[in-house]
Amino acid sequence: MAQFFSLLQWGDKGWGDEIFFGFCLTLALALCTLPIGLFIGLMVALAKDSGNWLLASLSNVYTTLFRALPELLTILIVYYGGQIVLKRFVSWVVGVEVDLQVNGFVAGMVALGLVLGAFSGEVWLGALKAIPKGQREGAYALGLSRFKCFLLVVFPQLVRLALPGLGNNWMSLLKDTSLVSVIALTDLMYISNTAVRNNPSYSFQFYLLCCILYLVMAFSSNQIINWLEKYSNRSLPRART
């Protein structure tokens with residue numbers, strides 16, 4: 001065990017700094033993906049609830065597609081397909097064949113954002129349908145515009161109702177970040193695999209450390225989500241009295 005801990009030194013002799021930066025990159029990827037996925041999901045939910053047949057149909061196709069595709073396949077399609085599309089577009093603009101490569105972090109963020117958007121869209125939609133339509137009708141009767149009605153009346157309740165489901169989506173997103181290692185992004189999983197290949201005698205220890213670090217992120221996230229749920233529900237007891 002002492003030999004394993006010596007492998008966790010910082011600098012050229014150990015993997016400590018690489019694992020730390022891989023941990024930070026994993027967390028950064030999840031945090032950067034979260035607002036993208038939540039915004040896409042909210043737009044999808046509003047489109048489904050809009051009553052517009054075309055918007056609702058397109059939203060249904062989107063959620064069905066990205067909920068059905070494996071996350072790994074989505075990442076590979078975005079990464080390699082994005083390179084092809086970007087390369088052809090730039091070559092068409094400049095008139096010269098160019099060789100471009102999509103940034104792995106951006107590709108992972110886009111791919112996971114699309115997946116999160118599909119799943120969170122259903123959560124947003126369920127929360128949206130749980131809000132009585134009479135509240136919106138009352139807001140319109142008071143002279144509020146559709147935008148102000150959504151911002152001041154619907155959205156605060158929407159967040160409170162959707163928070164438990166969105167918390168589950170965030171936990172899934174944390175786990176899905178491990179898949180970006182297939183496109184050579186130096187996240188926690190990629191660094192762990194590299195460390196194992198260089199030190200096969202300590203495979204279990206490195207993967208156990210990786211597991212512990214993911215659990216640290218999950219446990220911390222769970223504490224924050226629980227606090228947010230309690231905070232968002234702080235006015236409910238007063239409403240009952």
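1. Arg88 is exposed, with a relative accessible area of 63% (exposed means over 50% relative accessible area, buried under 20% and partly exposed in between, with a 1.4 Å probe and protein chains only). Arg88 sits in helix 4, residues 71-94 (helices are DSSP runs of H or I with at least four residues, numbered from the N terminus). From Arg88 to Val123 the separation is 35 residues in sequence and 37 Å in space, C-alpha to C-alpha.

2. On the basis of the note: this is a predicted model, in which local features need pLDDT of at least 70 and side-chain atom pairs count only at pLDDT 80 or more, while totals for chains, interfaces and linings use all residues. Residues are numbered from 1 along each chain as its sequence is written, and side-chain values use heavy atoms, with hydrogens and water left out.

3. Helix 5 and helix 7 (residues 146-176) have axes that come within 8 Å and cross at roughly 150° (axes are lines fitted to C-alpha atoms over the stretch in contact, and angles run from 0 to 180 degrees between N-to-C directions). The two helices are therefore roughly antiparallel to each other (over 145 degrees; under 35 is roughly parallel, 65 to 115 roughly perpendicular and the rest oblique). Helix 5 passes helix 7 in a right-handed crossing (the near helix is turned clockwise from the far one by less than a right angle; anticlockwise is left-handed).

4. In that pair, the contact (heavy atoms within 4.5 Å) involves residues of helix 5 including Leu116, Phe119, Val123 and Trp124, and residues of helix 7 including Leu158, Leu161, Leu166 and Asp176. By class, the contact of helix 5 with helix 7 has 15 nonpolar, 3 polar and 1 charged residues (nonpolar: Ala, Val, Leu, Ile, Met, Phe, Trp, Tyr, Cys and Pro; charged: Asp, Glu, Lys and Arg; polar: the others, Gly among them).

5. Helix 5 (residues 104-130) also packs with helix 3 (residues 53-68): the axes come within 8 Å and cross at roughly 120°. That angle makes helix 3 oblique to helix 5, and the crossing is left-handed. Helix 3 contributes Tyr62, Thr63, Phe66 and Arg67 to the contact, and the residues from helix 5 include Gly113, Gly117, Phe119 and Glu122. The contact of helix 3 with helix 5 counts 6 nonpolar, 3 polar and 2 charged residues.

6. For helix 2 (residues 16-48) and helix 9 (residues 203-232), the axes come within 11 Å and cross at roughly 40°. Ile19, Phe23, Thr26 and Leu27 of helix 2 meet Phe206, Leu209, Leu213, Tyr214 and Met217 of helix 9. This contact has 8 nonpolar, 1 polar and no charged residues.

7. Helix 8 (residues 188-198) has Leu188, Ile191, Ser192, Thr194, Ala195 and Val196 as its buried residues. Helix 2 and helix 9 are among the elements that cover the buried residues of helix 8.

8. How many disulfides does a search of the whole structure find? The count is 0 (a disulfide is a pair of cysteine sulfur atoms within 2.5 Å). The sulfur of Cys24 has its closest cysteine sulfur in Cys32, 12 Å away, which is too far for a bond. Cys24 counts as partly exposed at 32% relative accessibility, whereas Cys149 counts as buried at 1%.
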